[in-house]
Amino acid sequence: DNLHRLINCEYDPHVSASPQSDESSIEFEGFTIHPVKQICYWVLVFLSFGFLWLLARWIPSLYITLNCTPSRLDVATRICAKGHYKELTPVLQETNEFLSVQGSTKYFVWRYQVWRWYTFVEDLSYCSQYRPISYPFNRPVSQFCSELDITSYEEHQRQRESLRHIYGPNLISIPLPGPLQLLLDEVLHPFYMFQLFSVVLWYVEVYATYATAIIIISVTGAVIGVLQTRKNLINLKKLAEYECNVELYDLATKTQKTISSKNLVPGDIIAVQEGLIMPCDVILLQGKCVVNESMLTGESVPVVKSPADTDDKGIFTPSKSAHAKYTLYGGTEVLQTKTLDKPEVLGMVFQSGFSTTKGQLVRSILYPKPLNMKFYRDSFYFILFLFLLSCA
C-alpha cells in the first residue's frame, strides 16, 4: 500500500483547512522535559507547601518555564499550540509497523485530532513535518465518480485494514471526568483558594460565625457548579457519541451488509436510506436525497443533495457552497431519497470521527476561543490586592 493513497500527507492546514477550524491558524511550539529543572521544581513545590504547584496550575507558561526547555518540533517530546500552554501534550512513538515503514514515525493528539510526523513532507514553520490525518479527498469531483468502478472498489478492500489502523473507529468519543476531578478543578480556582485563606484567617481572628457562613456558601456554589458542568458534559457526550447501523454496499456482488457505523472507514461505499442520521461525512455518488441540516446550521429548511457531477473538474472542497450540494454532513438527517438511473442511492465516506464537520463543531464547543475580558482579568488583580491586604 502507498501511504499517499491512504492519507493526504501534503495537507497544509493554513491553506486547506476550513477558516472556522482550529487548524487554519494553528502554530505549534516544541519543548523537552529537563530532568534537573523537574527535580528543582518539585523541591520548590515541597518547600512552598504546594503553593508553587498551584501557581503553575494557574499559569501554565510558568510550569513550562520551570520544567521544560524550548526545542525544535522534530526533537520535541512535548508539544502545544502557541498561547495554549495548558494543553501541553506528549509526543508518542508510532507502534503500527505499516505506518512506521511508510515514514510516519511519531504522532501527538491535540484536541482529539491526531497529528502525524512524516519524514518525506515539506518542513513548515508552524508544524514542521507534522500533519493532521486527513483522507486524500483533495481531487477533482469528477474523479469520485470512478469510486463506483469495480477496480477502485477492490483496491479499497485491500487497503481497508490499513485504513482502520490509521483512522480508528468512526466515533466522536468524549471522556467524561469523574465528579471528584470536576470538584478539584472547581475548588482549585484562585477565587476558592482566596476564600480558603480568608476563612482560616477569620477563624484565627475569632470570626467563627462569619467564616462558617462563607464556607457553607462557597461549598454550595462549588457543588452546584460541578453538577451543572457534569450535566452539560453528559448532554454533549450523548449528542456527540452517535452510533447506528448502516448498509455497507458491496460493488462486487451488488449486495448490502449491515455493520455498525463505528466500523466505517474513509473510502467505504454506503447505501443512503430515508431516516438515516449520517454518522460521518459522505459525498453522494448516485441518486438524490433531501436532508435536514438544522443540527449544524440551525436552518429548518430541507436541503436537496445531488450526486457528484462527472463534468465538475474543480478540487472537491466540502466547505464551498458549490460542492456542499454533493456532501452529506455527519449529524444531518436524510428525510427522503430518490433513485435516478440506478436502483440504489450510494455515497462514499470521506471523513470520520473528529475529522467530520460534526466533530469540528464538538471540538469548538469543548475548546471555545478564549475571551480576554477586562472584567475577568481585573477580578484577579482585585483578589491579589485583597490577599496582600489581609497579609498586611
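# Close-up views of the predicted model

View 1. Residues 210-227 are 100% helix and 0% strand, with end C-alpha atoms 26 Å apart. This is a predicted model, in which local features need pLDDT of at least 70 and side-chain atom pairs count only at pLDDT 80 or more, while totals for chains, interfaces and linings use all residues. Residues are numbered from 1 along each chain as its sequence is written, and side-chain values use heavy atoms, with hydrogens and water left out. The label "transmembrane region" comes from an unreviewed UniProt entry, which places it at residues 39-56 as well as 210-227. UniProt positions follow the numbering used here, with shortened feature names, and such annotations may be inferred rather than shown by experiment. Over residues 39-56 the chain is 83% helix and 0% strand, and its end C-alpha atoms lie 15 Å apart. Helices (H or I, at least four residues) and strands (E, at least two) are DSSP runs, numbered from the N terminus.

**View 2. Helices H10 and H11 side by side.** Here you can follow helix H10 (residues 190-204) and helix H11 (residues 208-240), whose axes come within 8 Å and cross at roughly 160°. Axes are lines fitted to C-alpha atoms, for helices over the stretch in contact, and angles run from 0 to 180 degrees between N-to-C directions. H10 and H11 are therefore roughly antiparallel to each other; angles under 35 degrees count as roughly parallel, over 145 as roughly antiparallel, 65 to 115 as roughly perpendicular and the rest as oblique. The crossing of H10 and H11 is left-handed, meaning that the near helix is turned anticlockwise from the far one by less than a right angle (clockwise would be right-handed). On the H10 side, the residues in contact are Tyr192, Gln195, Val199, Trp202 and Tyr203; they meet Ala208, Tyr210, Ala211, Thr212, Ile214, Ile215, Ser218, Gly221 and Ala222 of H11. By class, the residues of this H10–H11 contact are 10 nonpolar, 4 polar and no charged. Contact means heavy atoms within 4.5 Å. Ala, Val, Leu, Ile, Met, Phe, Trp, Tyr, Cys and Pro count as nonpolar, Asp, Glu, Lys and Arg as charged, and the others, Gly among them, as polar.

**View 3. The H4 and H5 pair.** Helix H4 (residues 51-58) packs against H5 at an angle of about 120°, with the axes 4 Å apart. H4 and H5 are therefore oblique to each other. Look for Leu52, Leu55, Ala56, Arg57 and Trp58 of H4 meeting Pro60, Leu62, Tyr63 and Leu66 of H5. The residues of this H4–H5 contact include 8 nonpolar and 1 charged, with no polar ones.

View 4. The 4 strands form an open sheet in the order E2-E1-E3-E4, with antiparallel pairing. Strand E2 (68-71) and E4 are the edges and have a single partner strand each, so one side of each is without a neighbour in the sheet. Helix H5 (residues 60-67) packs on this sheet, where it touches E1, E2 and E3, and its direction makes about 90° with that of E2. Two strands pair if DSSP finds at least two bridges between them. Antiparallel strands E1 (residues 28-33) and E3 (residues 78-81) share 4 bridges, with Glu29 partnered by Cys80 in E3. E3 also pairs with strand E4 (residues 89-90), again antiparallel, over 2 bridges; Ile79 is opposite Thr89 there. An unreviewed UniProt entry lists residues 23-89 as "domain: P5B-type ATPase N-terminal". That span is 43% helix and 22% strand, with 16 Å between its end C-alpha atoms.

View 5. E9 (residues 245-250) is joined to E11 (residues 269-271) by 2 antiparallel bridges, and Glu247 has Ala271 as its bridge partner in E11. Elsewhere, strand E13 (residues 288-292) runs antiparallel to strand E16 (residues 333-338), with 5 bridges between them, and Asn292 faces Glu333 as its opposite in E16. E13 also pairs in the antiparallel sense with strand E14 (residues 303-305) over 3 bridges, Val290 being partnered by Val304. UniProt, in an unreviewed entry, gives residues 253-365 as "domain: P-type ATPase A".
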